[in-house]
Amino acid sequence: MKSKFQKIFKGGLGQLTIPIIAILILVIFNLIRDPSFFSISVTHNNDGNIVLAGNLISIINAASELAVLAMGMTLVTAASGGQDISVGAAAAIAGSAFVSMLKSGSTITGGTVLLAFFYACLFAMAFGAFNGTLVAVFKIQPMIATLILYTCGRSIAYWINGGATPTVSSPIITAIGSFIPGIPIPTPVIIVIVVAIIFKLVFHFTSLELFTQSVGINEKAARLNGINATWIKLLSFIILGLCVAVAGVISVSRLGLINHETILLDVEMDAILAVAIGGNSLGGGKFKISGSIIGAYVIHMLTITLYAMKVSSTDVKAYKAIVIILLVVIGSPVIKSKFTKRMTQLKNRKTKVSTKGAL
Amino acid sequence: MKTRKEFLREPLTDTQLLMTITISIFVAMYAVAMGALQGGFLHAQQVFDMLNDNASLIIVSCGLTIVMITGGIDISVGGVTSLVVMACILYLNHGGNVFVAALLALGIGLAFGLVHGFLISYLEIQPFIVTLAGMFFARGMTTILSVNPQKVEHEGFANLRSTQIEIPWLGYTAKNGNIVPARIELGVLVAVFCLIVVFLILKFHRLGRGFYAIGGNQTSALMLGINVKRTRFLAYVFSGLLSGVSGFVLMMHTGAANATNAAGMEMNAIAASIIGGTLLTGGVGNVIGTFFGVLTLTTIKKIVVSSGLNQPWWQSITTGGMLCFFILLQSVVLSRRNKKKKAT
Amino acid sequence: MHDECLLSMRHINKYFPGVKALSDVDFTLRHGEIHALMGENGAGKSTLIKVLTGVYQNDGGEIAVEGEKLHIRSPQDAQRGGISTVYQEITLCPNLTVAENMFIGREEGPLIRQKNYVKRANEILSELGIPARGSQILGSCSLAVQQMVAIARAVDMKCKVLILDEPTSSLDDKEVQVLFKLMRDLKSRGVGIIFVTHFLEQVYEVCDRITVLRNGELVGEYLTEDLPQVQLVAKMIGKDLDELSSFGKAEVKEYGPDDVFYEAEELSSSDALPFDFKIHKGEVNGFTGLLGSGRSESVRAIFGADKVNGGTVKIKGDSVKINKPIDAMKHGIGYLPEDRKRDGIIADLSVRENIILALQVMKGFFKPISRSESEAFADEYIKALNIKTASRETPIGSLSGGNQQKVILARWLLTHPDYLILDEPTRGIDVGTKLEIQKLVLKLAEDGVSVTFISSEIEEMLRTCSRLIVMRDRHVVGELKGEELTEAQVMKTIAGGNTVNEE
């Protein structure tokens with residue numbers, strides 16, 4: 001028992017230590033500030049469904065898109081050693097494709113929604129493949145390669161929409177964006193869980209994790225062991241494309257409309273941040289998807305906490321910045337090594353004292 | 001004298017090659033625009049307008065180029081610029097002094113640069129994350145200072161702002177027969193000054209060569225006796241300082257501040273640097289290239305507008321296309337070059 | 001003057017987490033002396049060098065140059081103290097000019113006077129006979145020239161202590177001689193040179209004294225003429241050489257035409273000129289030649305590691321196409337690359353993951369090896385090859401060179417190859433592990449595996465290979481077997497005295 005505890009204490013959590021500590025601090029801070037902050041109530045929503053409500057639910061719900069994107073971003077980061085800064089723009093394209101497909105039919109049924117979702121996936125995967133080709137085949141740095149789509153992605157979305165901000169209203173869309181009747185948990189949260197399970201299954205039934213890490217750590221060696229590094233990198237961007245489509249559809253369904261200018265604005269920065277807070281190296285290589293998911297929730301818990309403290313939505317960024325800096329400073333290699341040095345010094349002194357005592 | 005000849009004999013460096021490509025494409029594009037679209041493109045004022053509108057972008061791009069040469073990135077430049085504009089305008093409108101406002105601008109920029117540099121260089125935190133936080137902080141502070149748009153009401157500053165340099169012989173004759181002289185804003189002079197200073201530092205100062213050295217190979221630079229940490233630290237200080245200058249210049253250009261000031265400027269600056277031949281991997285790049293990168297970006301936009309493609313999406317789609325073209329071109333040129341090098 | 005103490009390091013200690021890398025090591029260097037620092041990998045040579053150059057800081061002890069105490073906290077401190085280093089890996093900036101690389105970091109004044117630099121650089125380069133121009137971009141020079149530029153820089157810095165850390169491993173014989181001339185020249189000027197190398201012959205050629213380290217401790221300091229080569233090796237490995245001589249010569253087997261496992265005609269790649277090659281089942285053959293002779297490029301072509309341009313390949317008589325590593329792997333070929341760090345290990349992944357990697361790739365993307373299965377594999381090979389690691393989940397990057405090499409070997413053995421290509425499997429690893437690997441090669445051959453073995457040490461190849469293919473200037477210039485397998489004959493063929501069999 002003691003050894004297990006010690007193991008965890010000694011960094012058995014590894015890269016997850018910092019994000020978990022961050023969550024704990026935020027939780028404790030909120031509980032001190034307002035003991036009822038995390039209370040969950042059961043209420044009826046406008047449609048008359050029994051649903052769960054409360055700050056905790058809204059945090060987890062609001063972070064859904066970010067969590068999905070962070071998962072894909074982790075894979076891209078690991079394989080290519082760079083980040084995709086076009087996910088927001090690509091989500092706008094996917095969302096527009098989704099809406100335009102729904103609009104093309106006369107009625108919205110489960111079938112058409114599914115079809116529209118596949119259509120959105122197709123678009124997002126195609127643009128993912130475009131980014132991936134630039135990175136994997138032309139060996140362009142991911143950030144530069146995706147700068148192209150970042151620059152013009154939202155305009156392409158605008159083009160698909162024909163310059164308008166079309167709305168869609170249907171019970172099915174509402175169900176995707178908020179609650180499925182009879183289930184008290186917000187649908188986006190369920191989608192995140194499903195996506196996470198799919199990732200877990202993919203890692204279990206394929207060698208994606210091992211191959212991606214190998215490529216990210218040492219591409220030359222991976223190639224000499226028969227791994228098709230180009231394909232692995234391309235694949236990571238295509239998988240991120242799927243995540244983008246899911247995030248875009250959640251976001252569109254939440255609002256019931258697509259606004260190409262504002263949908264998932266600046267989400268790319270948050271997604272990269274989630275990956276980094278999750279303890280993953282932005283230089284690629286070893287990764288933990290779970291870290292990035294926790295990272296996404298840290299970001300949103302912070303945001304909601306600030307909102308609860310009456311900080312206006314535009315000012316939140318400044319406070320967020322301070323917390324981010326604190327987190328990365330604590331996690332920085334220099335601080336870490338100084339800390340361990342100090343600890344061993346203390347330990348040495350202790351043992352010295354005790355041996356002296358024995359004498 | 002022998003050495004100069006020797007320099008001429010050497011093949012182009014990667015930096016020179018990429019810069020040459022950019023400048024040629026810019027000249028070709030502008031020439032085509034002059035021939036095909038005529039209109040404004042025939043007047044010198046067109047070029048000056050491009051400079052007037054983009055003086056602050058040129059300044060931040062210089063800073064970003066330095067950072068990119070060291071192999072880093074600074075995405076806070078737009079945010080800092082916006083914060084400086086807001087802070088200075090509020091200060092001036094509360095009866096401040098123009099000179100102190102300029103110092104305030106430099107001070108804010110310097111402060112960001114110092115913090116970024118310290119965190120990145122001495123605490124070894126990833127530059128993307130640090131400057132992302134810097135951007136968030138600067139944008140957040142801008143709205144904390146004021147959510148509402150502000151306009152300069154300071155008289156002294158208004159005078160400074162309206163001061164323009166007129167060059168009659170580069171002007172043109174308007175329809176009513178009056179000669180309209182070419183006008184250049186003071187901000188452009190500041191931008192050109194910054195450009196020259198950065199160029200000279202990069203080329204002739206040991207600090208500048210240090211930037212290239214740590215971008216080329218950091219461990220080697222350390223072994224060669226370069227203070228890598230201080231050099232990298234100073235790169236971010238430069239970038240921050242130039243963001244401060246950029247903010248002041250932008251304020252002179254617009255005379256107003258709002259929360260979305262300089263939105264997307266960081267990405268434009270990165271795009272300009274890339275088009276100008278700076279590689280994000282570090283060690284390769286030049287501010288002259290960056291300058292032409294800014295001009296190329298602006299010219300594309302002007303051409304799109306002049307060709308009558310008025311729908312708002314065309315500008316960014318053509319910019320994206322152009323960026324794609326340049327990025328692919330560089331990738332192909334450099335990889336062919338490396339292959340050739342390997343073969344010999 | 002000659003015996004006056006130039007550099008003295010006393011009671012140097014250095015700890016790493018969990019390891020004592022140096023304990024109480026003394027080292028003395030005199031004026032005008034070439035002093036070899038010898039030891040196995042992990043003996044503490046490189047740690048001692050890094051302490052001296054300020055890359056690491058010592059946890060105890062004193063360093064003095066000409067009697068003056070020095071506190072070395074950074075490479076700059078070392079340079080200021082007159083200590084310069086030339087490393088095995090080039091530590092210059094490829095994107096700057098040769099002249100800049102010689103003068104950067106030690107400019108007088110803040111401004112760079114390129115023209116001045118180029119002029120001075122050209123003078124120094126021509127004085128030392130280095131074929132480079134000052135205005136050239138360093139990246140456009142060959143590796144050997146880059147190395148010499150690094151030495152030129154150190155020479156120009158009027159250093160008192162020059163450390164050469166394995167400078168000869170990327171140079172050919174001619175370049176080595178130029179370097180030695182340079183070293184003797186510097187020696188006559190009173191510079192003290194610390195020479196770290198794996199090549200014993202070179203030590204006896206240029207060095208005055210030898211200091212031997214083992215396991216982070218000082219074994220002793222000797223005059224070169226007092227220490228025969230055999231004893232030096234004995235001091236380095238701390239055991240007698242009986243084991244070394246226990247190897248007999250590889251026996252010559254006769255092969256029939258049906259025994260051919262792999263046969264290539266006119267095989268060529270982007271890096272290798274066309275060559276013919278065949279290997280029999282259970283045969284150990286070797287490619288030999290100087291560095292850059294094309295030996296590594298040729299075996300890379302066999303494995304499909306570089307772009308294959310042409311040629312026909314037959315495996316067990318069937319015509320096959322090998323364009324990519326995976327093609328070769330599917331036909332039972334394994335390849336241990338020359339540069340372990342760059343091409344072999346996946347540093348951050350665990351020993352276990354590194355071991356199963358190749359097998360996993362062969363099984364395919366959709367058939368992952370289960371955790372328990374992979375743990376069993378890892379344990380099996382850690383035991384079989386005697387890999388020294390804290391656990392199977394330890395990142396391979398934290399293992400010593402020899403153990404990393406064993407992990408890579410385990411990776412290929414796990415695929416149960418029919419044909420294993422080993423490119424310099426024993427480079428930079430200790431003698432003990434070297435012997436283990438040589439034994440393993442012979443055992444594999446007994447079990448019917450074909451092995452191609454490449455090594456820079458001819459003696460080692462003579463012990464293991466029954467047939468040697470000799471290359472020079474990217475061409476095969478001879479094939480030696482049986483009675484022809486003598487060191488003298490191999491040397492002759494490499495040097496081009498007379499060629500045997502085919503030309």
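A residue is called buried here if 20 or more other C-beta atoms, placed from the backbone, lie within 10 Å of its own, exposed if 12 or fewer do, and partly exposed in between. Helices (H or I, at least four residues) and strands (E, at least two) are DSSP runs numbered from the N terminus. The model is predicted: local features need pLDDT of at least 70 and side-chain atom pairs count only at pLDDT 80 or more, while totals for chains, interfaces and linings use all residues. Residues are numbered from 1 along each chain as its sequence is written, and chains are lettered from A and ligands numbered from 1 in the order in which they are written.

By the burial criterion, H11(B) is mostly covered, with 23 of its 27 residues buried. This helix runs over residues 228–254 of chain B and reaches 39 Å from its first C-alpha to its last. That is close to the expected 39 Å, the expected span being 1.5 Å times one less than the number of residues. Just after H11(B), Gly255(B) has a positive phi of about 70°.

Chain B as a whole has 14 helices and 4 strands. Its radius of gyration, taken over C-alpha atoms, is 21 Å, close to the 20 Å that the globule rule (2.2 Å times the number of residues to the power 0.38) gives for 344 residues, so chain B is as compact as a globular protein of that length. Along the principal axes, the C-alpha atoms of chain B fill a box of roughly 65 × 50 × 45 Å. Of the 344 residues, 51% count as buried.

Two residues are in contact if their C-beta atoms, placed from the backbone, lie within 7 Å. Among the contacts in chain B with a separation of 6 or more, 78% join residues 24 or more positions apart.

In chain A, the axes of H5 (residues 87–104) and H13 (residues 267–277) come within 7 Å and cross at roughly 125°. Angles under 35 degrees count as roughly parallel, over 145 as roughly antiparallel, 65 to 115 as roughly perpendicular and the rest as oblique; H5(A) and H13(A) are therefore oblique to each other. Val87(A), Gly88(A) and Ala91(A) of H5(A) make the contact with Val267(A), Glu268(A) and Ala271(A) of H13(A).

Between chains, 18 residues of chain A are in contact with 23 residues of chain C. On the chain A side, helix H10 (208–217) and helix H11 (219–224) each give two or more residues. H11(A) gives the most, with 5 residues.

Terms used. Axes are lines fitted to C-alpha atoms, for helices over the stretch in contact, and angles run from 0 to 180 degrees between N-to-C directions.
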